[in-house]
Amino acid sequence: MSANDFSPLAPQAGSHVREVHDPLHGELLEVSMGPHHPSTHGVFRMIVTLDGERVMKLKPVFGYLHRNHEKIAENTTYLGSMPYTDRLDYLCSMTNNWAYAIAVEKLSGQPVPERAEYVRVILAEITRLLNHTCLAGFLMQDCGCSGTPLMYAFREREKILDLFESLSGSRMMCNYQRFGGCRVDPSADWLDGARKLTDNYGRFLDEFETLLTGNEIIMARTQGVGALSPELAINAGVTGPMLRATGVNYDLRKVDAYGVYSRFDFRVPLGAHGDVYDRYMIRVLEMRESIKILQQALATIPAGPIMDPKAKLRGFRPKAGEAYGRIEGPKGEIGFYLVSDGSPNPYRYRVRPPSFVNLTVLEDMCLGQTIADAVIILGSVDIVLGEVDR
Amino acid sequence: MTLAFLAIAFVTVAAAAVAMALRNLIHSALLLVFNWAGIAAFYLWAGAEFVAFSQLMVYVGAVSMVVLFAVLLTQRSPQSFREQPDSISRVIGALLVGGAVLGVLFGAVLSSRLAPSAATATPTISVKELGSLLMGPHAAALLIVGVILTVTLIGAVIIASTDHAESGKDES
Amino acid sequence: MNAAFLATLSLELLPAQLRDMVTGWLPEPWRWLVNSILAIAVILASFGLLFAYLTLAERKILGRVQNRPGPNRTGYFGLLQPFADGVKALTKEDIVPRGADHLLHFLAPVALLAFSIMTFAVLPFGRNLVAVELDAGVLYFFAAGAATELAVFMAGWASHNKYSLLAAMRALAQLISYELPLLLSFVPVIMIAGSLSTQEIVHRQSGWMFGFVPQWHVLTPWGFAGFAIFMTAALAESNRSPFDLPEAESELIAGHLTEYSGFKYALFFMAEYFGMCALCGMAVTLFLGGWQAPLPFLEFIPSYVWFATKMLTLLLGFIWVRCTFPRLRIDQLTRFAWKFLVPLALINLGTTAFWSLTSGWTGGLQIARWLVAIALVVIPFQLIGRKLSAGLGPRTYRYA
Amino acid sequence: METPEQIRDRLLARFPGAEISVVANPAPAAQHSLLLGHAPAVEIARFLRDDPTLKLDQCSNVTGIDWPEKEIVETTKSTVPDPAGGPPKVVETKIKRIQPGYLEVVYHLYSIALGHGPVILRLRTGNRTDAVTVPSLTPVWRACEFQEREVFDLFGVVLTGHPDLRRILMWDAFKDFPMRRDYVAPDDYEWEPTPHGDVLEKAKRHYPVPPAAAPVAPAAQEAPKA
Amino acid sequence: MSDNPSAPTPGITQQERDELRRQGILLTSIQELYTWGSSHSVWPLNFGLACCAIEMIAASMAKFDIARFGSEVFRPSPRQADLLIVSGTVTKKMAPQVVRLWDQMPEPKYCIAMGACAISGGPFKQGYNVLKGIDRYIPVDIYIPGCPPRPEALLHGLVQLQEKIRGFKLTGPDAPRHLRADLPCDYPVPEFGAHDLEPPANPDVWKAPVLVRNEKA
Amino acid sequence: MSLSPLQLCLLFSSALFCVGLIGALSRSNTILVLLGIELMLNAANINFIAFWRFGPAPAAGTGVVFVLFSIAVAAAEAAVGLALVIAVYRHQKNIRLQEANRLKG
Amino acid sequence: MLGTGLLKGLGVTAKNFVGSYHDPERYTTIEYPEVKPKLPEAYRNFPFLVTENAMDPMGTLRCVACQICEKECPPQCIYIEKSKDKKPDASGKMQIYPAIFDIDTSVCMSCQICVEVCPFDAIKMDQVFEIATTDRYDALLLRREQLAKPNSYYQSIHPTEAAEVDGRLAADRKAAEEKAKAAAAAKAAAAKAAAAAPAAEAPKTPPPAA
């Protein structure tokens, strides 16, 4: 494709070569990568100014998947927005559901039964495995693998999706959490399946790491590329594995200790360089920690109701007020800000999308790197356009 | 055989002439590559296999790349491969000089009484013979050429990369 | 003359006999012409078929590596898949972008394919199967191969697309960088064989060490190093992963092929595979003993079968590498060529010189010769490799 | 962590004369917020970021809220002595008051260093038409950069001091501010087999003679049972 | 390559084949070869929009393996692609680019609208920035409902598309769009307006059906 | 035809030489000038081969050897020349010959 | 040594290549058109309407056109029009029924909220996913006739859930019958003995689960 055709200044194929003259750097080439580009993870667009292969300027362009989630949510009921949250970050619908449920529960003071909290933790950690595995696959695809790591990642993803599907009925759009609990009680069989998955996942990770982590080409491609300083990361609101890769110890599972996370023993891996390799490795190590959490949660999950008996499905009208609820999603802090005016629809509904905010530092990371680096830096940010543009 | 030679000669000279006349630098360069390939074909026709392949390898494989690199690197933008027209007086002068030289050369060649070689069979020179020639009587020249090549390589790299240390890696 | 030998002979000579059957009745001046045309036709047909099934094999192997079957429903086991693709490519609309250089846009795939096919002329496919016996065959091979760079550049430049242009620059840089190690890596072979003729080089590798180890160049220290460098550079020359930078999908869409559609794209594809086959064939000729059998008692199998087997093995290696590795970056790529492959190839020249000077050593000296040669290969590899990968390595992480 | 009131008091001590008030949040979350005036908002934000006891180094969420003009009916009860001498009457007077509309930008601040939060800042525009400026906090927190652009794009709040205030989600030629409550989406109606609400209105507009079984607005005459 | 007319072409009935035979055996076999080749080598464009794109990727992955149909060659450049899978919500900001991509693809080309959003705007159709169906601008061959459709559903859609291709006639009034001169081949790209795309739909491609509910109450 | 092959070859080479000469003299682009010179060199090489092929003593092979040297030197010349062009371009963003006469940066 | 990581990687791919021929873990493809996927019981795609009697689907719809699902449906893909008359439902009670019940599958997002809010267990999720079509409007708009599927079908696709629903409905029906019986008895009793002791309290019908 000639993505340059997409430059608004050059509507026709062929007439797209635009010259940017900069007295300092001689001839710069402005390339518009996206919105259709194999490695922009959807319909993201970057206007990259190149000096040879080196990135001199990079301007992200958003909005190609802006589907008005917030506006629609303000015109529908609180419950009606739940399936829409699935479609925000469509790789991790379970954590989106949870973040939204937490916000609404904060807004309405709705308690959650203990079993539901455990189930939520289990699902969130499985989602983390899913997301990080897929991310590693996509990152390697950006590095130029011919699909093999991605295929292995999706092989494991299918196992997770089978679990999700047998629990919630849908592979991706689970729509599983409710305000005050979860929709379906997982059966013993399901929990056994989750245990089996947890037990096997470590082995898969070992193989995956054998394929990738020690690979000299990958180390050469990713180490020292796209480094980010902790100060900038904090100031720019970067969250999640990207923040921890810079060495900042900030994990909402520890800080907010929402749900029942305080009952599990796990560690937070921290990077030192903040480069692409660190971001990849932090995610791999986080997956290993997630497996630990899963083992503990699956071993100690209590019996009991899955839904708060007083929870309402229909006619849910929280009192006027506002609340901001957030959790540690796989991509970073995902938050929901809700303002209620006492009606069945939220007055203001706002998603704090982690990957959108994480993109703030994209240009800082890419400057001076080559265009091939820009691609993998974008890959390592882990964006999902449904969430970036909402 | 003569027919083949005439065809090669005509195509080669025509390519060179058009290349020298074109405004588009890339086209000129590519036509010149074609011209070099034609000369290689002439060598082949003349029975100098080794030289022909060397010509292909050096000119078509290497010099052409360097030329194209230079063209690309020295253009303001990828669109302006068209050269500005040259001054008419220069062109006329060049044509006059060139025509004069051509006349002199043609006259000299046509008037000379160079007899065709007696040997009807194509003289071939095997790689082995060539090798022993190079290493035997011409060994000193070979050495000198080797030294010159090395020095030029280094020199070219240095000249091309004086300003920006990182951007001159491909000019040799 | 036992029966086995007869069978060998007849099979071995089968191609020639077939040819004589077809052209034997022709008068002499015509026979030469028809024979040439026949040779060209056979080469084109067999490599065309090989190309078709190589694409299928690549897709299937890639599939198997990725835990799936690959194309399997177009014909039995998907055997007709390449033909379906061919029919489709032939019937697709051919788009030339506005602003493109029409002539060059058309010439690029044709030139690329032509040069790729030309290289087959000097490959010795069997004991007596070589289209043109050239005195300077190896030189011819690489001279024709060098011209393919031009075609890639033409494609990228003529497309009038920024990605294509970037790809063209990359292709130039990459091909220039890897031309040198590719050439240097086989100079030792020429030093040892003392000839530029491909058949001669193959003949030099006949015979057995200790009665059963073939005397292929790859089985010597310098030969192994040369082979490794040659194959690495060949990967780069044929734009294969992990050196497929010109058409780096994740960065440059499809690079110099971005603006090619329909049959022209198929031609590029074909040329890429032809180039790959030619380089593998050359590697077999230079290092793997050409059409020679690997073990003495296997000599009854015709020589062209051995050549094909070895070439296919190398091609499968290419595919295997493609399944596994990510892509390098352009500066790493050129650095790898200039700072790693070229020095190693130069050192390998020295090693070879040592090897050929000490060819008279026997007994204990023979062992010393091997040890020294191995050291001359391994120690520079270690040293230069360490320098190349300085600053890279696995890391340890702390936990909060 | 300090309560919003404590923060307000400290801020008032540090920035005398600044308009700072606490907006209470009646929801169980009880995340009360600080309403800032425009003038020293950036300095206050910088103070909040650098203050050693607060260290609000992370600006997590930035969003806009549209509060359109609304009619407020205030009932005041007053005791009016009965002129007839009876017991004093309680009279309810209803005062209709138009509360002017405004746009609001809300910042959620957290401290990564100290692990507390949120401290919520609110900034309000003067009205919804011409005085729609609010100082931008991007110079203090880079995190606001894109989110403030989004507030500009969707709500039309002009954030003064923002380095690159352009539309972010919609295209540049777009004129409206779609997240405002009074935004009317363009009429790109196509036939819909299941029209509801305003879609039905559009359907009627596009097909003036309604189809045989004229869709009656189902939402209007719902009859929930059970 | 002419050794495959024996390949099954279920899209052609015996009667049609007889008719074609009357027209000429050559045309018949060319048509069969053509449709056979085109239907078995549908290369999709490597183009994902939203949620459905993940299921599209999943369909090319090990468990579902779209490669079995010869369609795993996801080409990143529209010049080499045959199939545009509109996988996800097409926003108004994105719509011109999708149309442009479609224009850049060489004929014959096919379009699959995958998922509710691509068909009609789906759950997001109330949104101000959401295009209510990609068929407003480009012709769609196959609609796959679902949100998102399972990968198997995409495979099913692909099989349907192959069937459709096999039914193509090279001549006559039933000839597919790309073989007919009277049908548009260049699709005008909508432009960004002040409030909406201009025009909001391409009248040559899309007409809102005048619908009368035929059920009797 | 009364012309001998040798004469034909020489005519060919002189034609090529003059094309190169005209090009080198008339064009103002430095690269093209260099290419013209390259062309003249090639014309000279043709002469060597022609005299080797049709000359009195083909067995000597000196002509071939000379051409090999010439090709090597020409390649070096091209490399240096183009490196110079790039260096000049870096300095004054132009490779027109008329403007490159300052000889100073 | 340089290259060991690469060699290990080659080993992994080789292992997978070989494993794909004998290890089902490493050959995960389901040959779809021939082998149908094993859908879990919970799988949902588009809704359908449950009818009691397969012979008379339109007559025995459980749906009473209460329009709750229509209102709650987030993408608003359900369109219901009530009937003007009443028809006896499966238990013989006179009920309003949907004269029109359309679901636009080109909009539906399979969220299952309609199922959750339905008080009558009348709408359930189907598992059919092979619905790719060349026609946008007619084929994708599912009408009452296409939506109605018998209870036996529901039992076959969601056995556990259906058993639970059937049990609940049966209990409801039984309770309703008892109530009716008791009411009748009470009526009779009341008629018999006008001033007699108060009739036995009829068991209160539990409200249908929401």
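**Notebook: interfaces C–E and F–B**

I began with one pair: E:Asp82 makes a salt bridge with C:Lys88, and their closest N and O atoms lie 2.8 Å apart. For a salt bridge I took a side-chain nitrogen of Lys or Arg within 4 Å of a carboxyl oxygen of Asp or Glu.

This is a predicted model, in which local features need pLDDT of at least 70 and side-chain atom pairs count only at pLDDT 80 or more, while totals for chains, interfaces and linings use all residues. Residues are numbered from 1 along each chain as its sequence is written, chains are lettered from A and ligands numbered from 1 in the order in which they are written, and side-chain values use heavy atoms, with hydrogens and water left out.

**Entry 1: chain C against chain E**

I looked up the salt bridges across this interface and got 5 by the rule. I then looked up polar contacts, meaning pairs of N or O atoms within 3.5 Å; within protein, one must be able to donate a hydrogen and the other to accept it, and residues adjacent in sequence count only if both atoms are side-chain atoms. Chains C and E have 19 residue pairs in polar contact, both residues at pLDDT 80 or more.

Next I took the elements, where helices (H or I, at least four residues) and strands (E, at least two) are DSSP runs numbered from the N terminus. On the side of chain C that touches chain E, α3 (81-91) and α11 (262-287) of chain C are the elements that give two or more residues. α3(C) gives the most, with 7 residues.

For contact I used heavy atoms within 4.5 Å. It takes 33 residues from chain C and 35 residues from chain E. Buried area is the accessible area (1.4 Å probe) that two parts lose on being put together, summed over both. For chain C and chain E I noted about 2800 Å², with 57% of it on carbon and sulfur atoms. In chain C, the residues that lose the most area to chain E are C:Arg73, C:Lys88 and C:Lys92, together 20% of what that side buries.

**Entry 2: chain F against chain B**

Here the contact takes 70 residues from chain F and 81 residues from chain B. The two chains bury about 6700 Å² between them, 76% of it on carbon and sulfur atoms. I found 0 salt bridges between chain F and chain B, and 2 residue pairs in polar contact, both residues at pLDDT 80 or more.

On the side of chain F that touches chain B, α1 (5-26), α2 (30-54) and α3 (62-92) of chain F each supply at least two residues. The largest share, 23 residues, comes from α3(F).
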